[in-house]
Structure formats: structure tokens, C-alpha cells
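The following note sets out comments on the model shown below. Each point may be checked against the coordinates.

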Amino acid sequence: MTNLIPEKKGSSVMPNIDPIIHIDKQLCTGCRRCASVCPVDAITGEAGTPQSIDAHRCVICGQCIQACTAYAAESEPSLASRAEKLRQRGQVSSVREPLFAAYSTGHGLELKEALADPKRHKVVQCAPVIRVSLAEEFGLPFGTLTPGKMAAALRRLNFDRVYDTNFGADVTIMEEGSELIGRVMSGERLPMFTSCCPAWVKHAETTAPQLLEHLSSCKSPMQMIGALVKTYSAEVDGVDPADILSVAVMPCTCKKFEAGREEMNVDGHQEVDLVITTRELAQLIKDKGIDFINLPDEPFDSPLGKYSGAGTIFGATGGVMEAAIRTGYELMTHESIPNLQLDFIRGDEGIRTAAVQIGDLELKVAMVAGLKYVSSILEQVAEGTCPYHFIEVMACPEGCVSGGGQPKLLLETQRKSAYQARKSSIYRHDANQKVRKSHENPAIIKLYKDFLGEPLGHASHHLLHTKFISRSAKEELS
Ligand code: SF4
Ligand code: SF4
């Protein structure tokens, strides 16, 4: 078993959290399918022998987990028992799916126990793409949209509040859009990179620490919701933040790492206590015997559950950019954006660029989908020749729809159609929202009026912004 995150050794280079990505040496055949999808060449080993992961390079994206097809045959006598492996992997004992060689640490078992604790106030948030992929685990077609059933299932799992990371995406746009406008006006620290993908952030911290000032200082939508759960929502509910269990359901294995970062706490309270993936949520729903397909549709809770279409599209590559432009355009020009659906920003894996006229400014933007494509842009930024103002980077091939914690696709041929269906579903969900711009979301307006004040204000800086740290090999060794 490979320990991904080494023990903390007195410096702040690595967060002191448990390992997340593992290769089970009993099961690994050495086929190196995982190595072929790893965007940072972190998988090492001879073909035909069990592989290892270079923890320093690894960005915890989980693409190796998605690619691995070697799994335990239950009858193999030399293997540790299935029940023991499930326990080691943090999975509930009722899990029926095969145990693959490459896997991520699960938190289903821990969450099941925590949900049974009557003393905790249990709050959950769900990332934009969970609602377009969860149903696949129950046999429904790729991309089936089920936000209402998901909310209903989470209540039956015993959560007291069901919130939405989409709301956090709307807050992110308010903060990140304002930050971008400030930087464009001053001409400082351009280009600005998005900072919501933790795998991209870890990669930047590892390979380009000299460029970290180019990252937006915004926490990710998940961490923003986490911070608001333990402050704003705790206040609304009259609950002591110390009694809150803050849980996030994410398509991404690296979100487990992000939640454990030391700086992701507010007034001494960890913002997100536990992260589970889409697959782990499905396992918990099955474990509890919930008939997901026949659940009634239920709404998300207030105040952190009301979202705009802009918050929804964060789950697809180009989504953060499109959402930011919808708001940035109107904040800068004080006019309505002529077209809400920015098709030229939408697309697939690779780099896409565009120039958007916003008043007198020609805003040059780039979208990077897939971490392996980012090196040329980083070189341009280091040389001072990068022509863009704003760059979105998503580590996974098509953004969060293809995250490492999403339902596993065993056939390579399924991949394209699954990603396409999940993306179409996200865009359909956006198109069907009454409010499609973050700054017009009434719950966002209320949050700023009642609690935060203004974007980039004192409270926002305290709760919603962060600093990134160098993880270069040089510093790690010192
Ligand atoms: S988690 Fe991502 S970066 Fe780490 S070994 Fe797997 S594919 Fe490579
Ligand atoms: S894909 Fe799975 S079995 Fe193949 S080398 Fe990677 S971990 Fe081992």
C-alpha cells in the first residue's frame, strides 16, 4: 500500500492528513494503465510488477483509480479477506462492487458512525456534478439529473441540513470576479488563475511556487460553504460550531486532501470535517436500503442551498470562466450581458482560448482542461509572455464531470459518452434556472447584506480567502 501524504515533519510543507490514493500491491498486475492517464508521471514501477506512487508529484486527482481494472477475486486464498480490505479502505461492509487495485481512502464507514450520533448537528453540501452522476450508480442512464432525489436521500441518511456547493460557487464568483476586476484595473499579478481545483493548486505549489501570487486567493466553493456552515449557518440555526459535523460530497478525491489543509479552518474549527465521493454516497444510500429511484424530489435547505445557473456550471470545463464572465461583465459595464450562454467557452479536454469584449476591455481568457496541458502556460507566465488575463485550470480531463471519485467507467468506450451526457445535463440544469447569474441570486444578495458586507471586505477576507504554500522539492528536503 502506498502512503500518499507523508507524515508531517515539523515544517508546513505537507498537511498532516491521512494518505488518500493507494495501490494495493496484492492486487496490482503492473499493467500500467494508471500510468498512462496520470497527468504528472507520478506512478513508477516496472511493467508486470506492482506499481508505486511518487507522493511528491501526485496531485491526488484519482484518474489512476478510474483507469484501474484489476480487482480482487473473492476466492483467492492468499488475499486478506474482503471484509478486512473494506475496513482498511474505509468502506461500509455492505459494499458489493469489486475491490480494485488502485483506490482512494474512503470515509463512508466513519461517516456512517458519525451520522448515528444524536449530539452532532449534521450538515452536508453536494458539488454541482453529483446530481448528474449519482443516479448512474442505481442503473439510470449517464447524466440523469436528480437533485431532488439526492437531497431526499441525504435527509434519510440523517443529515439535519442539506446544502449545496453550487451556492458556494456563486459566492466564489462574487469574490473571484471582484478580485479579477481589481487586478485588471491595477494591472498587477496578471494573469490570474482559478484556485477551485485542489489538484491544480497542489501541482502549482509543487512545480511553480514562484507563480503562486497568480492564483486567485479565493478558497474553493467547498471550503467557502464549509466556512459559512460554521459561522453564518450556525448563527441562523443557533448551533455551536463545535457541535457541527460539516460533510461534503465531491466528485474529486483531492477534495479529501484540500479539506485537511491546516489553513482550511475558521476560528479554530475545521471548515469541512469529512469528504466522501459520489461512489461513497451511493454506497451509503444502498447500505441504508434507501430506494433511491423512487424517492420524491425534495428541495435543498436555506440559507446555503439556493443557487443560480452560474453556480451549476462549475462542474464542467469552462464553467468557472463562463460564470465569472456573466457576473464580471455586468459589474464592470453596469449593463446586462447580451448573451448568457457563452458557447465559445464550452468544450472538451485541452486548451481553449477566447477574447471577450467587456466595455472598453478585451478580456483574454484561457481554459485548461487536463493538468498535462498546463505546463506551456506556466512557462509563458514565468517568462512574462502570457497574453491572457484570466485562466481556468481543471486537473481532470473534462473538469469535475470526469473526477476521480465519480462512478467508475469500466469500458473505455463509455468514457466519452458519459462525460458528454453529464456535461449536457449540467448545461440543461443551468438553462432551466430562473436566476442564472451569481450576483442576482437573492440568497447571495442576502448573505452579503446580512453577514459578509461586500466582496473582498473584511469578513470575506477572513472567511473566504486563503494563502497557498510552496511544496517544491527543495523546501521539502530542507
Ligand atoms: S491520483 Fe492522479 S496524480 Fe496521483 S498517481 Fe493517480 S493519476 Fe497520478
Ligand atoms: S492500473 Fe491498476 S493493476 Fe494496472 S498497474 Fe495501475 S494499479 Fe496496477
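1. How many bridges join strand 13 to strand 14? There are 5 bridges between strand 13 (residues 361–369) and strand 14 (residues 390–394), and the two strands run parallel. Within this pairing, A366 has I391 of strand 14 as its bridge partner. Helices (H or I, at least four residues) and strands (E, at least two) are DSSP runs, numbered from the N terminus. Two strands pair if DSSP finds at least two bridges between them.

2. On conventions: this is a predicted model, in which local features need pLDDT of at least 70 and side-chain atom pairs count only at pLDDT 80 or more, whereas totals for chains, interfaces and linings use all residues. Residues are numbered from 1 along each chain as its sequence is written, chains are lettered from A and ligands numbered from 1 in the order in which they are written, and side-chain values use heavy atoms, with hydrogens and water left out.

3. The open sheet consists of 4 strands in the order 7-14-13-12, with mixed pairing. Strand 7 (192–193) and strand 12 (350–358) are the edge strands; each has a single partner strand, so one side of each lacks a neighbour in the sheet.

4. A parallel pairing also links strand 8 (residues 244–250) to strand 11, through 4 bridges. M250 is placed opposite T277 of strand 11. In a regular strand the side chains alternate between the two faces of the sheet. In strand 11 (residues 274–277), L274 and I276 point one way and V275 and T277 the other way, and all are buried (under 20% relative accessible area; exposed is over 50% and partly exposed in between, with a 1.4 Å probe and protein chains only).

5. R279 belongs to helix 10 (residues 278–287). Is R279 buried or exposed? R279 has a relative accessible area of 10% and therefore counts as buried. Leaving aside neighbours within four places in sequence, R279 is in contact (heavy atoms within 4.5 Å) with residues including E97, E137, G405 and K408. The C-alpha atoms of R279 and G405 are 6.3 Å apart, although 126 residues separate them along the chain.

6. S133 lies in the loop between strand 5 (121–126) and helix 5 (147–156) and is buried at 0% relative accessible area. Not counting residues up to four places away in sequence, S133 touches T144, T278, Q406, P407 and R422. S460, in helix 16 (residues 458–464), is likewise buried, at 0% relative accessibility. With the sequence neighbours up to four places away left out, S460 touches E175, Y448, L452, E454, P455 and H465.

7. The axes of helix 6 (residues 165–186) and helix 8 (residues 221–237) come within 8 Å and cross at roughly 100°; the helices are therefore roughly perpendicular. The axes are lines fitted to C-alpha atoms over the stretch in contact, with angles from 0 to 180 degrees between N-to-C directions, and 65 to 115 degrees counts as roughly perpendicular. Among the residues making the contact are F167 and E175 of helix 6 and M222 and L228 of helix 8.

8. The shell of ligand 1 (residues with a heavy atom within 4 Å) includes C38, C58, C61 and C64. That of ligand 2 includes C28, C31, C34 and C68, together with R32 and R33.

Technical notes. Parallel < 35°, antiparallel > 145°, perpendicular 65-115°, else oblique.
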